[in-house]
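Here is a protein model to walk through together. Have the viewer open and turn the model as you read.

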Amino acid sequence: MRLGGYCPGCGGGEGQQSCKLARCSLEHGNAAYCCDCGSYPCEKYRHFDDFDSFITHRRRAADLERMREIGEEAYNAEQRRKIEILCFLPGHFNDGRRKTFFCVAVNLLELADLQEIVQKLAEDAEELPPKEKSAQAVRLFQQAAQARGVELKLHKKK
């Protein structure tokens, strides 16, 4: 949801964190990532991801493991590439109703899948009318998600 350089997620300034994980980090010496904390994984973390908020949290554990595996710098570089893709999609493949879908897809799919989809869209969908371009993008993301066993929708608390 950090489009246009703005992310409403953590509640703003110091000491005013609405996110219980951000508050927990402040209480535990400003750990940059939960996996940096000596108590990881703790009870707060285990159930935080049961439901999504304005974005999906289902990759959080896998993302932390990925960061441990390849290192913080390489992981952050991957995330920056995902942000570039996310910033590109709405301007080229949005029919006015796909911002959340693109956010979920970019969050849940692997970078290689995203890059392949964007390349395909650039080759195959450039000449299509806007609604068809959007539909093609959704089809490609859904196909990639299905191949990986991923559901591209938010899991809201009922």
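This is a predicted model: local features need pLDDT of at least 70, side-chain atom pairs count only at pLDDT 80 or more; totals for chains, interfaces and linings use all residues.

Residues are numbered from 1 along each chain as its sequence is written, and side-chain values use heavy atoms, with hydrogens and water left out.

The protein has 7 helices and 0 strands, so from the N terminus on the elements simply run α-α-α-α-α-α-α. Helices here are DSSP runs of H or I, at least four residues long, and strands are runs of E, at least two, numbered from the N terminus. Of the 158 residues, 36% are buried, where buried means under 20% relative accessible area, exposed means over 50%, and partly exposed is in between (1.4 Å probe, protein chains only). The accessible surface comes to about 9,800 Å², and 49% of that belongs to carbon and sulfur atoms; these areas come from the Shrake-Rupley method with a 1.4 Å probe, and for residues only the protein chains shown count as cover. Among contacts between residues at least 6 apart in sequence, 63% join residues at least 24 apart, with contact meaning heavy atoms within 4.5 Å.

Now find helix α5, residues 99–108. Since 7 of its 10 residues are buried, α5 is largely enclosed by the rest of the structure. The buried ones are Phe101, Phe102, Cys103, Val104, Ala105, Val106 and Leu108. What covers them? The cover includes α4 (72–93), α6 (111–124) and α7 (130–148).

Next, α7. Buried in α7 are Lys133, Ser134, Gln136, Ala137, Val138, Leu140, Phe141, Ala144 and Ala145, and the buried residues of α7 pack against α4, α5 and α6. After α7 comes Gly149, with a positive phi near 70°.

How do helices pair up? Two packed helices are described by the angle between their axes and the distance between the axes. The axes are lines fitted to C-alpha atoms, for helices over the stretch in contact, and the angles run from 0 to 180 degrees between N-to-C directions. For α4 and α7, the angle is about 140° and the axes are 9 Å apart. That makes α4 oblique to α7: angles under 35 degrees count as roughly parallel, over 145 as roughly antiparallel, 65 to 115 as roughly perpendicular and the rest as oblique. Leu89, His92 and Phe93 of α4 meet Lys133, Ser134, Ala137 and Phe141 of α7. By class, the residues of this contact are 4 nonpolar, 2 polar and 1 charged. Ala, Val, Leu, Ile, Met, Phe, Trp, Tyr, Cys and Pro count as nonpolar, Asp, Glu, Lys and Arg as charged, and the others, Gly among them, as polar.

Helix α3 (residues 60–70) also packs with α4, at an angle of about 130° with the axes 6 Å apart. That makes α3 oblique to α4. Asp63, Arg66, Met67 and Ile70 of α3 make the contact with Glu72, Ala74, Tyr75 and Glu78 of α4, giving 4 nonpolar, no polar and 4 charged residues.

Arg81 sits in α4 and is partly exposed, at 35% relative accessible area. Leaving aside neighbours within four places in sequence, Arg81 is in contact with Leu111 and Gln115. Glu151, in the segment after α7, counts as partly exposed at 39% relative accessibility. Not counting residues up to four places away in sequence, Glu151 touches Arg58 and Leu108. Glu151 and Ala105 are 46 residues apart in sequence, yet 8.9 Å apart in space, C-alpha to C-alpha.
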